[in-house]
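Hi,

Here is the structure I said I would pass on.

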Amino acid sequence: MSWGEWEKLKSDAVERQPSQMRLNGLDGNGGTSAGSGDLVVNRDDLGAIGHEAYLLYGRLTRDGDHARPSTFDASLALTNGNFTSGSELLKVHDRWNSQLRTLLNACARISNHLDCTKSTHAKDDADIGGQLLSTSKIDEYFK
């Protein structure tokens, strides 16, 4: 096969492939709104989301448990009074506690994960910067 035949086969394959299915390149605007093709994460954005998750965690911890004691007492009183709604109210009480714990855990994970992500990316940036600096030092010896 000659070089010309190879180039013809490649161009034919490209023409047969729909452009929206191409995974081996960027679209016309670079694949992102910034046009660079690089993943860009603003640390301020991560910090704001993590902070809001932390604040929500604090509010849920404080305010999410107001009705628990009175709901439990009411379910006991209804059950002791031979009302069937007492056991059902206890189920509501238990479900609320379960869902509140799940939501608190989710908020804590979001906040902690974003804090970890910020520090990990900062460390990675420093490591990469150090590697690039050491490479440029080596280049100085070859000049």
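**What I found**

Leu56 is partly exposed at a relative accessible area of 32% (buried means under 20%, exposed over 50%, and partly exposed in between, with a 1.4 Å probe and protein chains only). Leu56 sits in helix 2, residues 43–63.

Some ground rules before the rest. This is a predicted model, with residues numbered from 1 along each chain as its sequence is written. Local features need pLDDT of at least 70 and side-chain atom pairs count only at pLDDT 80 or more, while totals for chains, interfaces and linings use all residues, and side-chain values use heavy atoms, leaving out hydrogens and water.

**Overall picture**

The chain has four helices and zero strands, so the order from the N terminus is α-α-α-α (helices are DSSP runs of H or I with at least four residues, strands are runs of E with at least two, and numbering starts at the N terminus). Of the 143 residues in the chain, 12% are buried. The accessible surface comes to about 11,600 Å², with 59% of that belonging to carbon and sulfur atoms (Shrake-Rupley method, 1.4 Å probe; for residues, only the protein chains shown count as cover). Taking contacts between residues at least 6 apart in sequence, 61% join residues at least 24 apart (a contact means heavy atoms within 4.5 Å).

The average pLDDT of the chain is 76, and 69% of the residues score at least 70 (pLDDT is the predictor's confidence in each residue, from 0 to 100). Helix 1 (residues 3–16) has the lowest confidence, at a mean of 76, and helix 3 (residues 68–80) the highest, at 93. Over residues 28–35 the pLDDT is below 50, and this stretch has seven contacts in the model beyond near neighbours in sequence. Where pLDDT is low, the predicted coordinates should not be read in detail.

**Helix 3**

After helix 3 comes Asn82, with a positive phi near 65°.

**Surface patch**

Trp3, Trp6 and Leu9 make a nonpolar patch on the surface, with about 390 Å² of accessible area together. Patches take residues with over 30% relative accessible area and no salt bridge, joining like charges within 9 Å and nonpolar side chains (Val, Leu, Ile, Met, Phe, Trp, Tyr) within 5 Å. Leu9 lies in helix 1 and is partly exposed at 44% relative accessible area.

**Salt bridges**

There are three salt bridges (a side-chain nitrogen of Lys or Arg within 4 Å of a carboxyl oxygen of Asp or Glu):

- Arg62 pairs with Asp63 at 3.2 Å, N to O; Arg62 is exposed at 52%, whereas Asp63 is partly exposed at 38%.
- Asp65 pairs with Arg68, with the closest N and O atoms 2.9 Å apart; Asp65 is partly exposed at 28%, and Arg68 is partly exposed at 32%.
- Lys91 pairs with Glu88 at 3.3 Å, N to O. Lys91 and Glu88 are three residues apart in helix 4 (residues 85–141), so about one helical turn separates them.

Cheers
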